[in-house]
Amino acid sequence: LFAEGTGINFNEQDIEYIRKGAAAQLIVTIGVGSEQELASFVDSASVKTIHIDRSPTNTLMGDVVLVDPSFSSISEIVAEMVRELSLGSDPDAFQNLMDGITHATRNFTHPSTSAFAFEAAGFLLQNGARRKEKPFDQTQGKRFDRGGSDRQQKAMPFDQTPLADARGRQG
């Protein structure tokens, strides 16, 4: 036994990966575009595979293929599967899916954000996921700050955005 406050120290070089034991009978891949990406891990011809992706360049390999470029994120596809198959409601898993959708759509502002993103978000929010208070700005690598006057790097809520009326006057 170790005395309290002490731990086991090891480096990555001390770890040996051993591939033995039961062989996989099913592999679920997410975002894998081709069999070549799996070649070093598994002989995909010897196992059943389920492939989930949204890339239009996916080679559509496998036994079950869930590839749809009309979704704006893989998280939307997974959320739709969970909803359609009634796979339960795990708030932590739903939060992860919500975060994935928010990240992929740049907080629902990216032009390619699909209607599915909003549908999936609604489902996830109804089942325990929450919107983050300050969304992450991928372009700046920091959280949005809604205060201040620097409008180029600050997010502004819709209700504070000056709108022009039909004659071009600010309102």
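Which residues does Thr-113 touch, not counting residues up to four places away in sequence? In this predicted model, the contacts of Thr-113 under that condition are with Ser-72, Thr-105, Phe-108 and Phe-118. Thr-113 is situated in the loop that links H2 to H3. With a relative accessible area of 16%, Thr-113 is buried, because that value falls under 20%. A polar atom of the Thr-113 side chain is placed 2.7 Å from the backbone oxygen of His-110.

The loop between H2 and helix H3 (115-126) also contains Arg-106. The phi angle of Arg-106 is near 55°, a positive value in a residue other than glycine. As background, negative phi values are found in most residues other than glycine. Arg-106 has a relative accessible area of 37% and is therefore classed as partly exposed, this value lying between 20% and 50%.

The protein chain comprises 171 residues, of which 26% count as buried. Among contacts with a sequence separation of 6 or more, 38% are formed by residues 24 or more positions apart.

Three of the strands are arranged as an open sheet with the order S1-S2-S3 and parallel pairing. Strand S1 (26-30) and strand S3 (64-67) are the edge strands, each pairing on one side only. On average, and with direction ignored, neighbouring strands of this sheet are turned by 10° against each other. Strand S2 (residues 48-53) runs parallel to S3 and is joined to S3 by four bridges. Within this part of the sheet, Asp-53 is found opposite Val-67 of S3. Helix H1 packs on the sheet and touches S1, S2 and S3. The direction of H1 makes about 120° with that of S2.

Helix H1 (residues 74-85) also packs against helix H2 (residues 91-104), at an angle of about 145° and with the two axes 8 Å apart. The crossing of H1 past H2 is left-handed. On the H1 side, the contact is made by Ser-75, Glu-76, Val-78, Ala-79 and Val-82. These residues meet Phe-94, Leu-97, Gly-100 and Ile-101 of H2. Classified by residue type, the contact of H1 with H2 consists of six nonpolar, two polar and one charged residues.

The loop between S2 and S3 was examined at several positions. Arg-54 is located in this loop and has a relative accessible area of 27%, so that Arg-54 is partly exposed, the value lying between 20% and 50%. When residues up to four places away in sequence are not counted, Arg-54 touches Asp-68, Pro-69, Phe-71, Ser-72, Ser-73, Ile-74 and Ile-77. For one of these residues, Phe-71, the backbone oxygen lies 2.7 Å from a polar atom of the Arg-54 side chain. For another, Ile-77, the C-alpha to C-alpha distance to Arg-54 is 8.1 Å, with 23 residues separating the two in sequence.

Ser-55 belongs to the loop between S2 and S3 and is partly exposed, with a relative accessible area of 23%. The side chain of Ser-55 makes a polar contact of 2.8 Å with the side chain of Thr-57. Ser-55 and Ser-70 are 15 residues apart along the chain, and their C-alpha atoms are separated by 9.2 Å.

Leu-60 is likewise placed in the loop between S2 and S3. Its relative accessible area of 53% is over 50%, and Leu-60 therefore counts as exposed. Phi of Leu-60 is near 55°, again a positive value in a residue other than glycine.

Methods:
Residues numbered from 1 in each chain as written. Predicted model: local features only at pLDDT ≥ 70, side-chain atom pairs only at ≥ 80, totals over all residues. Heavy atoms only, no water. Axes fitted to C-alpha atoms, helices over the stretch in contact; angles between N-to-C directions. Helix = DSSP H or I, 4+ residues; strand = E, 2+ residues; numbered from the N terminus. Left-handed = near helix turned anticlockwise from the far one by under 90°. Contact = heavy atoms within 4.5 Å. Nonpolar A, V, L, I, M, F, W, Y, C, P; charged D, E, K, R; others polar. Pairing = 2+ DSSP bridges. Buried < 20%, exposed > 50% of the residue type's maximum accessible area, 1.4 Å probe, protein only. Polar contact = N/O pair within 3.5 Å; in protein donor to acceptor, adjacent residues only side chain to side chain.
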